[in-house]
Each structure stands twice: as structure tokens, then as C-alpha cells.
Amino acid sequence: MNSMLEYHGYHAIVTYDAEDELFAGEVFGIADSLCFHGSSILELKQMFAQCIDNYLEVCRQAGKKPDKEWKGSFEVELPSELHRQIALLAVRQNITLNQYVVNVLEKSV
């Protein structure tokens, strides 16, 4: 079973280990590794909130800006022929390759 939690703009994937009867969560979308667990849904949610609150406090104390999810850029490796084809389509539309990709992705969601 997989599910997702959200707290203060951070998200975590949750799994359940039936053998250990334990919920485990891992925050995703940031460089830092944040994990938590609980034996009930309520405890899991509390531990997630505590995990994020602790992370934000540690960052504050260290003078570090906390990571934010999805900064708006990511790297995609394409076959060279596909890269060529979409680059040509972008040129024909008089837009950047980046804008072309953004347009295609916006249409897909």
C-alpha cells in the first residue's frame, strides 16, 4: 500500500510494512533525506509534522535555506533524434526548446 502525505508544502510517500505492523514515510522532492515512521495513522501524521518542523528549525539554526520541492527545473535525457525533432518544432514556432517542452507538458496535465 502506498499513499502520500502533505504538510507545509512538503510531501511524503507512505508505505505499510505488514510484517512489522509499521507505517514508514519518506519526504521527496528535496535533496535532504527525511524519513519517519509510526505504528498508527495518527502517529505517522504526527511524526511527519515533527520531521518537517525539526527540519525547518535545524535549517533556521544553521542559517541554511530549507529545500523547496520542485524548483521548476529538471534534466531530461532524450534520444538525439527526438531532441533534434522537438528543437526543429520549437524553431518553427519561434519559441525556445524550453518553452516548447513547457507547452507540451501543460497540455498533458
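1. Before the residues are discussed, one term is needed: a residue is called buried when its relative accessible area is under 20%, exposed when that area is over 50%, and partly exposed in between, with a 1.4 Å probe and protein chains only. By that rule Glu6, at 48% relative accessibility, counts as partly exposed.

2. Please keep in mind that this is a predicted model, in which local features need pLDDT of at least 70 and side-chain atom pairs count only at pLDDT 80 or more, whereas totals for chains, interfaces and linings use all residues. Residues are numbered from 1 along each chain as its sequence is written, and side-chain values use heavy atoms, with hydrogens and water left out.

3. Glu6 lies in strand S1, which covers residues 2-7; helices (H or I, at least four residues) and strands (E, at least two) are DSSP runs that are numbered from the N terminus. If residues up to four places away in sequence are not counted, Glu6 touches His11 and Phe48, where contact means heavy atoms within 4.5 Å. The C-alpha atoms of Glu6 and Phe28 are separated by 11 Å, and these two residues are 22 places apart along the chain.

4. Leu5 also belongs to strand S1, and Leu5 counts as buried at 15% relative accessibility. Leaving out residues up to four places away in sequence, Leu5 touches Tyr10, His11, Ala12, Val14, Phe36, Leu44, Lys45 and Phe48. For the pair Leu5 and Phe48, which are 43 residues apart along the chain, the C-alpha atoms are separated by 8.2 Å.

5. His11, which is found in strand S2, is buried, with a relative accessible area of 19%. Apart from neighbours within four places in sequence, the contacts of His11 include Leu5 and Glu6 from the points above, together with Met4, Glu26, Val27, Phe28, Phe48, Glu69 and Trp70.

6. Not counting residues up to four places away in sequence, Asp67 touches Tyr10, Ile30, Ala31, Asp32 and Tyr55.

7. Glu21, in the loop between strand S2 (10-17) and strand S3 (22-28), has a positive phi of about 50° although it is not a glycine, and Glu21 is exposed, with a relative accessible area of 54%. Asn94, in the loop between H2 and H3, has a positive phi of about 60° and is likewise not a glycine; the relative accessible area of Asn94 is 71%, so it is exposed.

8. How do the axes of helix H2 (residues 80-92) and helix H3 (residues 97-108) cross, and at roughly what angle? The two axes come within 8 Å and cross at roughly 95°, which makes H2 roughly perpendicular to H3. Here axes are lines fitted to C-alpha atoms, for helices over the stretch in contact, and angles run from 0 to 180 degrees between N-to-C directions; angles under 35 degrees count as roughly parallel, over 145 as roughly antiparallel, 65 to 115 as roughly perpendicular and the rest as oblique.

9. In the contact of these helices, His83, Ile86, Ala87, Leu89 and Ala90 of H2 meet Leu97, Tyr100 and Val101 of H3. The residues of this contact divide into seven nonpolar, one polar and no charged, where Ala, Val, Leu, Ile, Met, Phe, Trp, Tyr, Cys and Pro count as nonpolar, Asp, Glu, Lys and Arg as charged, and the others, Gly among them, as polar.

10. The largest pocket has a volume of about 530 Å³. A pocket is an open set of points on a 1 Å grid over the protein atoms alone, where a 1.4 Å probe fits, with protein on both sides within 12 Å along at least five of seven lines, and lining residues have an atom within 4 Å of a point. Of the 18 lining residues, the closest to the centre of the largest pocket are Phe74, Val76, Asn98, Val101 and Leu105. The largest share of the lining, eight residues, comes from H3, and the lining divides into 13 nonpolar, four polar and one charged.

Terms used. Points joined across faces, edges and corners; volume = space filled by probe spheres on them.
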